[in-house]
Amino acid sequence: MFSAFLLLSTVLIAFLPDMYGASDSSRQLMDRLKNLQHCAGQDLLDQLDNGRLPSDIFYSSLTNERCGDSVRLFLRISADGVVQEALHQTAGCSICRLAADFLCQTALGRESSALLTLAEAVRQWQTDPQAPLPPVHGLSLFSDIRGRRNRARCLMLPWEALYTLPGTIPCRP
């Protein structure tokens, strides 16, 4: 059943933009969706399932209870707090999957402590039309959904997962 859904999604991604005159942003997002760059490999997922993640990889998982989207984040953080590797496994809508991929791309090379500041800036940008665009790779491509409450959580779920990373980033109360 899931395979049929995946096949249908791929067909729709390939043909709908041309059929309905998608915006340039939508086309770029759909191209990126076909080539997500920061997906966790099966070996990492197997290590997680066996409880054997390397000690320098921090893991977080979050699910949107309303729609079932789920995000797993894996950050390899150096001793000095810099994100060396950022991967995700995301099951859900295109917006959520793309947001996770862009989060991982943005996190690379940054201090892990700065990620929550970015998460808050993304939330502000999503909800406040006057808020400036944060320095997050690909975020401007989501301008078409900015301010739409029904899609805000799709965009924010990966960023909210950062708050649950143990031991690396101070969690909010």
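This is a predicted model: local features need pLDDT of at least 70, side-chain atom pairs count only at pLDDT 80 or more; totals for chains, interfaces and linings use all residues.

User: How many bridges join strand E1 to strand E2, and do they run parallel or antiparallel?

Analyst: Strand E1 covers residues 57-63 and strand E2 residues 70-77; they run antiparallel and are joined by seven bridges. As an example of facing positions, Ser 61 stands opposite Arg 72 in E2.

User: How should I read a cavity, and which residues line the largest cavity?

Analyst: A cavity is a space where a 1.4 Å probe fits but cannot get out. Searching the whole structure gives one cavity of 30 Å³ or more, and the largest cavity has a volume of about 40 Å³. Its lining includes Phe 102, Leu 139, Phe 142 and Trp 159. Helix H4 (94-107) gives the largest share of this lining, three residues, while H6 also supplies at least two. By class, the lining residues of the largest cavity are eight nonpolar, two polar and no charged.

User: What is the volume of the second largest pocket, and which helix supplies the largest share of its lining?

Analyst: A pocket, by contrast, is an open set of points. The second largest pocket has a volume of about 250 Å³. Of its 13 lining residues, those nearest the centre are Arg 149, Asn 150, Arg 151, Ala 152 and Arg 153. H6 provides the largest share, six residues, and helix H5 (115-127) contributes at least two. The lining of this pocket comprises three nonpolar, five polar and five charged residues.

Terms used. Residues are numbered from 1 along each chain as its sequence is written. Side-chain values use heavy atoms; hydrogens and water are left out. On a 1 Å grid over the protein atoms alone, a cavity is a set of points where a 1.4 Å probe fits but cannot get out, and a pocket is an open set with protein on both sides within 12 Å along at least five of seven lines; lining residues have an atom within 4 Å of a point. Grid points are joined across faces, edges and corners, and a volume is the space filled by probe spheres set on the points. Helices (H or I, at least four residues) and strands (E, at least two) are DSSP runs, numbered from the N terminus. Ala, Val, Leu, Ile, Met, Phe, Trp, Tyr, Cys and Pro count as nonpolar, Asp, Glu, Lys and Arg as charged, and the others, Gly among them, as polar. Two strands pair if DSSP finds at least two bridges between them.
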